[in-house]
Amino acid sequence: MRTAISDAHNVSKLDSWARWWSLLAVCGFVIAFFVIPDEGAQRELFQGLLAVPWLISLFLVSYRPIWSERLIQLMLVTVLYLGVTALWFDISDSRHLLRALREVCYVICWLLLVGFACTRNPGLVQKLLLPLYLVASLAAIVFILQYGLHNDWSIDEPMVPGWKFGNQNRLAKTYGVMLFLGVGGLYLLQGAWRKGLALFNIYLAVAVILLTRSKGAAYAVVLTLPFLLLMDEHIKSVLKRHWRSLSVLLLIAAGLVLALGVVSDFSGDGWSNRNFIWPAALQEWLQHPWFGYGYMRDAEIVGTNGEIFSHEHNLPLALLRQSGLVGFALFLGPLLWLVVLCFRGPTVMQRMWGVVLVYCLFASLSGGKFPLVRPEDSWFWTWVPIAFALAANMQKKDLENRLG
């Protein structure tokens with residue numbers, strides 16, 4: 001009897017340790033996107049702070065299996081399939097296969113860890129938002145000061161970060177996520193100073209996007225703005241009653257956008273050779289439409305102008321070209337289902353992650369490599385919101401089970 005009590009006490013202590021460690025690890029990893037200077041350091045942080053300690057505890061801690069959720073299962077199948085497509089490329093290259101396996105493990109570990117952390121720490125997102133606002137805002141101020149001092153406070157040139165983010169588009173898309181997380185914080189957080197910090201984060205995010213002149217991020221923000229209306233229950237009921245008249249207004253607005261030359265402006269300026277890259281990617285996909293060419297890290301593509309580019313600059317096209325229609329459907333199908341579940345959810349947190357996912361889908365149309373990558377900046381607008389959105393829907397199901 002004494003041995004059984006001692007074993008139960010040890011399991012309880014281990015369970016408590018895993019709960020708190022997962023909270024600190026998830027928060028630290030997300031915040032590190034704005035303070036760690038390079039991708040190599042980000043991966044080392046992921047391995048040392050998240051993957052190894054949690055995977056060890058995974059086999060010792062007793063909890064409801066995260067992978068029992070159907071949507072989680074679909075996402076795990078997707079990740080595994082994307083990794084398997086590495087076999088299409090060069091099966092004799094063992095280093096390539098090991099790298100693909102490692103990246104599969106990174107993503108699966110992250111999805112399960114966030115699910116575990118959020119179900120064991122119901123207030124994790126609220127605890128994460130405040131330090132994330134603070135660190136991201138301080139980083140934005142540093143970027144803006146560096147930009148102003150370097151350009152004598154002239155805004156003739158686009159802002160390119162001197163550290164952390166490789167170019168202005170990656171910087172802008174990252175702060176696009178922060179913009180919508182800031183809006184979510186206005187609903188989720190209590191207290192004037194907390195809401196004020198969220199609002200300050202929104203202003204800085206808008207400033208960064210404008211100064212970078214990233215059209216991909218700017219258009220993604222504009223296209224996502226209507227979905228913010230779905231975060232408020234009252235506005236949602238108004239939309240249901242007046243959807244016909246609102247549809248007419250949207251069509252008129254679309255006509256004005258075309259008449260004012262917004263689309264032609266995008267294609268004429270800031271196209272960044274995508275008119276050569278995207279047709280070439282489509283041509284290659286049509287040669288292997290079902291299963292694609294296979295997952296290729298930093299896959300080069302020969303544009304229609306003969307120039308070589310490092311990747312497709314469009315996430316859906318990357319999915320089509322490298323994993324075929326099967327991979328395209330496996331990735332986007334569960335993702336769109338997750339978006340619908342988020343907007344149908346009763347909590348602001350679920351709807352906030354739905355808005356962020358919609359923004360990420362729009363942002364991926366003008367950039368993004370294959371989704372199966374090691375922890376890097378693109379994770380901030382792919383796997384980070386996907387993991388938290390999955391966790392938010394799991395928390396809703398847990399609540400329903402307890403009340404039922």
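**Note on the predicted structure**

1. Of the 404 residues of the protein chain, 49% count as buried, where buried means under 20% relative accessible area, exposed over 50%, and partly exposed in between (1.4 Å probe, protein chains only). The model is a predicted one, in which local features need pLDDT of at least 70 and side-chain atom pairs count only at pLDDT 80 or more, while totals for chains, interfaces and linings use all residues. Residues are numbered from 1 along each chain as its sequence is written, and side-chain values use heavy atoms, with hydrogens and water left out.

2. The secondary structure of the chain comes to 16 helices and two strands; helices (H or I, at least four residues) and strands (E, at least two) are DSSP runs, numbered from the N terminus. Among contacts (heavy atoms within 4.5 Å) between residues at least 6 apart in sequence, 78% join residues at least 24 apart.

3. The largest nonpolar core has 107 residues, of which F34, W110, Y175, W353 and F388 touch the most other members. Such a core is a set of buried Ala, Val, Leu, Ile, Met, Phe, Trp, Tyr and Cys residues joined through side-chain atoms within 4.5 Å. Helix 6 (residues 124-150) gives the largest share of this core, 14 residues. Another core, of eight residues, lies apart from it and includes W278, A281, W285 and I301.

4. Y175 deserves a separate entry. Leaving aside residues up to four places away in sequence, Y175 touches F34, A136, A139, A140, F143, A205, V208 and I209.

5. M352 belongs to helix 15 and is buried, at 0% relative accessibility. Residues up to four places away in sequence not being counted, M352 touches V125, F180, L181, G184, G185, L188 and M231. M352 and F227 are 125 residues apart in sequence, and their C-alpha atoms are 9.7 Å apart in space.

6. The structure holds four cavities of 30 Å³ or more. On a 1 Å grid over the protein atoms alone, a cavity is a set of points where a 1.4 Å probe fits but cannot get out, and lining residues have an atom within 4 Å of a point. Grid points are joined across faces, edges and corners, and a volume is the space filled by probe spheres set on the points. The largest cavity has about 80 Å³ of space.

7. The lining of the largest cavity consists of L315, F331, L335, L357, C360, L361, S364, W381, T382, P385 and I386. Helix 14 (315-344), helix 15 (348-363) and helix 16 (383-403) are the elements that give two or more residues to this lining. By class, the lining has nine nonpolar, two polar and no charged residues; Ala, Val, Leu, Ile, Met, Phe, Trp, Tyr, Cys and Pro count as nonpolar, Asp, Glu, Lys and Arg as charged, and the others, Gly among them, as polar.

8. With a disulfide taken as a pair of cysteine sulfur atoms within 2.5 Å, the count comes to zero. The sulfur of C27 is too far for a bond, because the closest cysteine sulfur, in C118, is 8.8 Å away. C105 is likewise in no disulfide, the nearest cysteine sulfur, that of C109, being 8.5 Å away. C27 is buried, with a relative accessible area of 10%, whereas C105 is partly exposed, at 44%.

9. R213, a residue other than glycine, has a positive phi, near 60 degrees. Most residues other than glycine have a negative phi. R213 lies in the loop between helix 8 (192-212) and helix 9 (215-224) and is partly exposed, with a relative accessible area of 46%.

Methods
1 Å grid on protein atoms, 1.4 Å probe; cavity = no way out; pocket = protein on both sides within 12 Å on 5 of 7 lines; lining within 4 Å.
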